[in-house]
Amino acid sequence: MEKRVKARHRFFFAVARPIVKILARKLHFKTKPVKLPKNQNYLILSNHQGYLDPAFISLTIKRPVYFVATDVLYSQKWYSHLLFYCFGPIKKRKGYIDIACVRAMYEIAKQGGSVAVFPEANRQWNDSQFYIDRAVVRLIRMIKLPVLLYNIHGGYGVQPRWGKSLRKGKHTGQVREIIPWEEVSAMTDDELYEKIVSGLKVIDSDGGELYKSKARAEYLERQLFLCPKCGSLSTLSSHGNDVVCEKCGLTATYGENLRLTSPDPDFSFEKVVDWYEFQQQYVRDYDLDNNDLYFTDDNVKLFDKTERKRVLIASGKMTLKKDSLVIGDKFFPTSDIVGASAQDGTKLTFGVDNRSYMIIGPERFNTIKYLLFFNRICAKIAEKGGDKYYGLYPDPARR
């Protein structure tokens with residue numbers, strides 16, 4: 001068994017903590033360290049709102065914590081190697097079942113380390129709980145550690161994933177509950193799953209906190225692409241606190257309470273997630289038999305990231321039709337696409353055969369419209385019931 005829990009990790013976690021405190025102040029994050037039994041390690045499960053969630057959790061739990069990190073972290077040039085050496089994060093291929101990742105978690109637990117996982121597997125896009133795979137129950141039973149449920153509040157309000165600027169408001173992290181192994185082992189699979197889902201559910205727009213900014217709605221078109229008034233696609237643009245349809249003039253304001261308002265009497269969405277689910281319904285009902293599908297975006301770059309270092313292989317116009325995805329001079333039949341996911345606000349990854357690709361668009365690039373339509377036109381995604389995270393079937397329980 002490979003030695004994964006190393007003495008140097010404890011040293012570097014201690015050295016990094018003052019730096020993390022500075023970053024926490026910038027993002028208005030506050031927490032109180034908790035005292036945990038010295039010789040007890042945990043499986044830590046947390047909701048996921050921002051880039052720095054792992055660092056912030058480490059301010060609360062003052063010991064080395066081995067976080068599961070997607071392979072995006074490992075493609076960031078020199079500092080990927082530095083992070084791996086100093087903190088030993090556990091690599092996982094995004095969008096794939098990764099047996100090596102599960103084995104690493106098991107080995108760390110056996111060696112006395114605490115493992116942290118974000119079961120939603122994605123940072124929040126629209127202030128709703130992402131799908132949590134039921135495989136988390138199997139993971140818990142395999143690791144055989146007490147389960148520590150951690151909640152981050154206000155991360156969506158302070159730095160929404162679709163946004164660019166920071167907002168001022170309450171941002172906190174705390175241990176919600178520790179479930180002893182004896183209690184975990186006594187639960188049925190359904191009971192344990194529901195315990196995890198409810199214990200990690202955080203909806204900032206229901207908390208009543210205010211988040212102040214002069215550009216609250218900026219870059220909402222990274223998330224929204226369909227006008228609910230005129231039905232136009234890709235005509236939405238954001239300006240300050242408003243998102244506007246450039247075709248019909250519909251205007252909606254994104255408030256400090258993270259809710260939407262509009263002077264238009266026909267506008268009925270209260271939250272961004274309501275608008276998002278409206279888009280899901282539109283894609284679900286789209287008549288592909290009698291209508292062409294044609295999306296284009298300019299100034300897009302395509303990278304092959306199958307190996308550790310991503311390589312630029314094409315650039316230019318990106319076009320999606322029913323049967324093809326074209327970026328620059330690269331052509332991909334949609335029937336060959338096996339999976340896709342969003343990364344940062346303007347990054348989209350997808351797989352074809354055994355190769356992985358990343359698309360990086362301009363600053364207002366909308367990945368969501370592509371991901372949703374992939375569920376309709378990519379046979380290898382659709383035949384599995386669609387993508388679990390960016391699919392077409394919202395679960396009301398996640399709200």
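Two strands are said to pair if DSSP finds at least two bridges between them. Helices (H or I, at least four residues) and strands (E, at least two) are DSSP runs, numbered from the N terminus. The model is a predicted one, in which local features need pLDDT of at least 70 and side-chain atom pairs count only at pLDDT 80 or more, while totals for chains, interfaces and linings use all residues. Residues are numbered from 1 along each chain as its sequence is written, and side-chain values use heavy atoms, with hydrogens and water left out.

Leu 43 of S2 has Val 115 as its bridge partner in S5, and the pairing of S2 with S5 is parallel, over 3 bridges. In S6, the bridge partner of Leu 43 is Val 147; S2 and S6 also pair in the parallel sense, over 4 bridges. Strands of a sheet pair through backbone hydrogen bonds, either parallel or antiparallel. Both faces of S2 are covered, with Leu 43 and Leu 45 buried on one side and Ile 44 and Ser 46 buried on the other. Here buried means under 20% relative accessible area, exposed means over 50%, and partly exposed lies in between (1.4 Å probe, protein chains only).

Helix H2 (residues 53-60) is mostly covered, since 6 of its 8 residues are buried. These are Asp 53, Phe 56, Ile 57, Ser 58, Leu 59 and Thr 60. In H8, the buried residues are Leu 192, Tyr 193, Ile 196, Val 197 and Gly 199.

Asp 190 lies in helix H8 (residues 189-199), whereas Arg 134 is in the loop between strand S5 (114-117) and helix H5 (135-143), so the pair ties together parts that are 56 residues apart in sequence. Arg 134 counts as partly exposed because its relative accessibility is 36%.

The structure holds 16 salt bridges. In another of them, the side chains of Glu 107 and Arg 4 meet at 2.7 Å, N to O. This pair links distant parts of the chain, with Glu 107 in helix H4 (residues 99-110) and Arg 4 in the segment before helix H1 (7-26), 103 residues apart. Glu 107 counts as buried because its relative accessibility is 10%, whereas Arg 4, at 25%, counts as partly exposed.

A further group of charged residues, Asp 206, Arg 259, Glu 270 and Lys 271, is linked in a network of salt bridges. Within this group, Glu 270 forms a salt bridge with Arg 259, with 3.4 Å between the closest N and O atoms. Glu 270 lies in the loop between S11 and H9 and Arg 259 in the loop between strand S10 (251-254) and S11, so the pair joins parts that are 11 residues apart in sequence. Both residues are partly exposed, Glu 270 at 48% relative accessibility and Arg 259 at 24%.

Lys 271 is placed in the loop between strand S11 (260-261) and helix H9 (272-285). Lys 271 counts as buried because its relative accessibility is 11%. Its side chain makes a polar contact with the side chain of Asp 206 (2.8 Å). A polar contact is a pair of N or O atoms within 3.5 Å; within protein, one must be able to donate a hydrogen and the other to accept it, and residues adjacent in sequence count only if both atoms are side-chain atoms. Leaving aside neighbours within four places in sequence, Lys 271 is in contact with Ile 203, Ser 205, Asp 206, Arg 259 and Leu 260.

The chain also contains an open sheet of 7 strands, in the order S15-S14-S13-S12-S18-S17-S16 and with antiparallel pairing. Its edge strands are S15 (330-333) and S16 (337-342), each of which pairs on one side only.

Note on methods
Contact means heavy atoms within 4.5 Å. A salt bridge is a side-chain nitrogen of Lys or Arg within 4 Å of a carboxyl oxygen of Asp or Glu.
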